[in-house]
Every structure is written in C-alpha cells, then in structure tokens.
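Biologist: I would like to learn how to read a model like this one. Please start with a term and then show me the case.

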Amino acid sequence: MGPVNIDWAVAQRPLEGQTFSGDAHTVTPFSGGALVAAIDGLGHGPHAAEASRLAVKVLEEQPDAPVLDQLMRCHERLKGTRGVVMSVARFDAARSELTWSGVGNVEGVLVRADASAHPRRHSLLVFGGVVGGQLAGIRTSSLPVHRGDVLMFATDGVRADVIDEAELLGEPGAVAQRALLKWGRARDDALVLVARW
C-alpha cells in the first residue's frame, strides 16, 4: 500500500507581540496511513518554538511508529528542553482505524461524517504531564474511521469549547480558520489543525 492522501489544513498565530510561535504540527503520510500531531512548547517565544520543532523532527523520523512509541521517543529526546504538551493520532488505512493519545492540554476531537452515527463526536482523553519533563501513565485508544471523518486538534491558545461546538464538516482550511477566529485567545500562541480522512 502506498502513501495515503489526507486532506488537511492548519491555522495558527503567535502570541500578540511575538515573532515565534511555540505551537507546531505535522501531518506525515506513510505507506498505509498518516501521522497527525499538534504540539505546544511550554511558554512562549524561541525556547518554546525550539522544543516544539524538535518534537516535530522526532515524529517525522518514524511516522509509521505506534503512537505510544512516538510519545516516549519525544519524551526522551526533549529532556533538557523546555518540554511540550502534545496530541498524536495515527490513521491506519488497512484497519480503517485511528489510534490517538495526548499529554497535557492539546484538545482533540473526531467527528463522524455520517450524521446518523452515535455518538457523532469522540473527544480525545489526554493525560497529565509534560513531554520531556514529568510523564504520568499514558495510554492510547483506538476508534474505527470512515471516509470523510474529521479530526481536529487545538492547542490551549484556543478555548476548549471549540471541541464541543465547532462545525467541522467542510473544507479543512475554512474550518481551521473559522475555529481560530472564533475561539482563539489573544494571550497565547494558538493552533488549530483539521484533517479529513
């Protein structure tokens, strides 16, 4: 199976007055799937940006690795940096499955394209801690995915109610921009990533 196409977009902005954003993301297709992650470096400015960029680099080295392995590899490599909080999802085309997990407060939601699906929205369970700092027990969970289902990650510069209220169906770029404009906070870096399977 070759690389998987995934329709995605990101909308982001740094804290007002800052040049660097501590928020970062990756969407990396691999043979038979795709890795999607949103990362928030602790604090603001260049040190936060450096930590989140390093996390992206680690994730992209082995995009097909299991989610738990990805988080633990990032944890080891980010020791000595400011650290990050992050959420990671792995789409598996052969199994029609999404596996995901998060550390800290990067919110995640999966919305079903099928309006009759029950439940229609699935929220990511995130665990306490800091990747590169202190990690509590973390685990992954898996969900079946179908064509048109939409995943959204949002860093803490976006109000958490975006997860319950945002209308995610539509072109990912428009959805991400709308969510950032409506729910983004001026006092923090902010990032919204929308990926449609």
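Modeller: A polar contact is a pair of N or O atoms within 3.5 Å; within protein, one must be able to donate a hydrogen and the other to accept it, and residues adjacent in sequence count only if both atoms are side-chain atoms. Here a polar atom of the side chain of S101 lies 2.8 Å from the backbone oxygen of R139. This is a predicted model, in which local features need pLDDT of at least 70, side-chain atom pairs count only at pLDDT 80 or more, and totals for chains, interfaces and linings use all residues. Residues are numbered from 1 along each chain as its sequence is written, and side-chain values use heavy atoms, with hydrogens and water left out.

Biologist: Is S101 buried or exposed?

Modeller: Buried means under 20% relative accessible area, exposed over 50%, and partly exposed in between (1.4 Å probe, protein chains only). S101 has a relative accessible area of 0%, so S101 is buried. Contact means heavy atoms within 4.5 Å. Not counting residues up to four places away in sequence, S101 touches several residues, among them V67, L71, F127 and R139.

Biologist: In which strand does S101 lie?

Modeller: Helices (H or I, at least four residues) and strands (E, at least two) are DSSP runs, numbered from the N terminus. S101 lies in strand β5. The protein chain has 4 helices and 11 strands.

Biologist: Which residues are buried in helix α2?

Modeller: An α-helix has 3.6 residues a turn, so residues three or four places apart point the same way. In α2 (residues 67-77), the buried residues are V67, Q70, L71, R73, C74 and H75. Their cover includes β3 (33-41), α1 (45-61), β4 (84-92) and β5 (97-103).

Biologist: In what order do the strands of the open sheet come?

Modeller: Strands of a sheet pair through backbone hydrogen bonds, either parallel or antiparallel. Two strands pair if DSSP finds at least two bridges between them. In this model 5 strands form an open sheet in the order β1-β11-β10-β6-β7, with antiparallel pairing. Strands β1 (7-13) and β7 (121-123) are at the edges, each pairing on one side only.

Biologist: How many bridges join β1 and β11?

Modeller: Strand β1 pairs with β11 (residues 190-196) over 7 bridges, in the antiparallel sense. A9 stands opposite V194 in β11.

Biologist: What share of the residues of the protein chain counts as buried?

Modeller: Of its 197 residues, 52% count as buried.
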